[in-house]
Amino acid sequence: MAELQMLLEEEIPSGKRALIESYQNLTRVADYCENNYTQATDKRKALEETKAYTIQSLASVAYQINALANNVLQLLDIQASQLRRMESSINHISQLLIAQLRQHHYF
């Protein structure tokens, strides 16, 4: 239960915030790269720098998406396990109820 709470209250919201920050950072990087390229005298060097920033930024975003996706999958696994336990309890209660009804000839 503590793991579920930690995922819901900390891990998943933190992952979402990280992606929002990455989006904002990507916008700034894109603006920088555009300005750098248009003002650069050495266009090839500016292009290589842009490629490097792009690769680094995309790798970072891919990592964050992977981490968030893993947390969501973990959350779904925990919830599925809880549902299976609830289903088992309901089936048990149902069997007890049917036995009681049969004992009293209601069924």
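Trainee: Which residues does Pro13 touch, not counting residues up to four places away in sequence?

Mentor: Pro13 touches Leu7 and Leu8, with residues up to four places away in sequence left out. Contact here means heavy atoms within 4.5 Å. First, the ground rules. This is a predicted model, so local features need pLDDT of at least 70 and side-chain atom pairs count only at pLDDT 80 or more, while totals for chains, interfaces and linings use all residues. Residues are numbered from 1 along each chain as its sequence is written, and side-chain values use heavy atoms, leaving out hydrogens and water.

Back to the proline. Pro13 sits in helix α1. Helices (H or I, at least four residues) and strands (E, at least two) are DSSP runs, numbered from the N terminus. Pro13 counts as partly exposed because its relative accessibility is 22%. The cut-offs are under 20% relative accessible area for buried and over 50% for exposed, with partly exposed in between (1.4 Å probe, protein chains only).

Now the partner helix. Ala69 belongs to helix α2. At 35% relative accessibility, Ala69 is partly exposed. Ala69 and Gly15 are 54 residues apart in sequence, yet 9.1 Å apart in space, C-alpha to C-alpha. Ile78 is also found in helix α2. Ile78 is buried, at 18% relative accessibility. Its C-alpha is 6.9 Å from that of Leu4, 74 residues away along the chain. Ile78 touches Glu3, Leu4 and Leu7, again not counting residues up to four places away in sequence.

Next, the helix pair. Two packed helices are described by the angle between their axes and the distance between the axes. Helix α1 covers residues 2–39 and helix α2 residues 43–103; their axes come within 10 Å and cross at roughly 165°. That makes α1 roughly antiparallel to α2. Angles under 35 degrees count as roughly parallel, over 145 as roughly antiparallel, 65 to 115 as roughly perpendicular and the rest as oblique. The crossing of α1 and α2 is left-handed. The contact of α1 with α2 has 20 nonpolar, twelve polar and five charged residues.

Then the loop. Thr41 lies between α1 and α2. Thr41 is exposed, with a relative accessible area of 82%. Thr41 and Tyr23 are 18 residues apart in sequence and 29 Å apart in space, C-alpha to C-alpha.

Last, the overall picture. The protein has two helices and zero strands. Its C-alpha trace spans about 95 × 20 × 15 Å along the principal axes. The radius of gyration is 27 Å, whereas a compact globule of 107 residues would have one near 13 Å. That radius is taken over C-alpha atoms, and the globule rule is 2.2 Å times the number of residues to the power 0.38. Buried residues make up 15% of the 107 residues. Among contacts between residues at least 6 apart in sequence, 70% join residues at least 24 apart.

Terms used. Axes fitted to C-alpha atoms, helices over the stretch in contact; angles between N-to-C directions. Left-handed = near helix turned anticlockwise from the far one by under 90°. Nonpolar A, V, L, I, M, F, W, Y, C, P; charged D, E, K, R; others polar.
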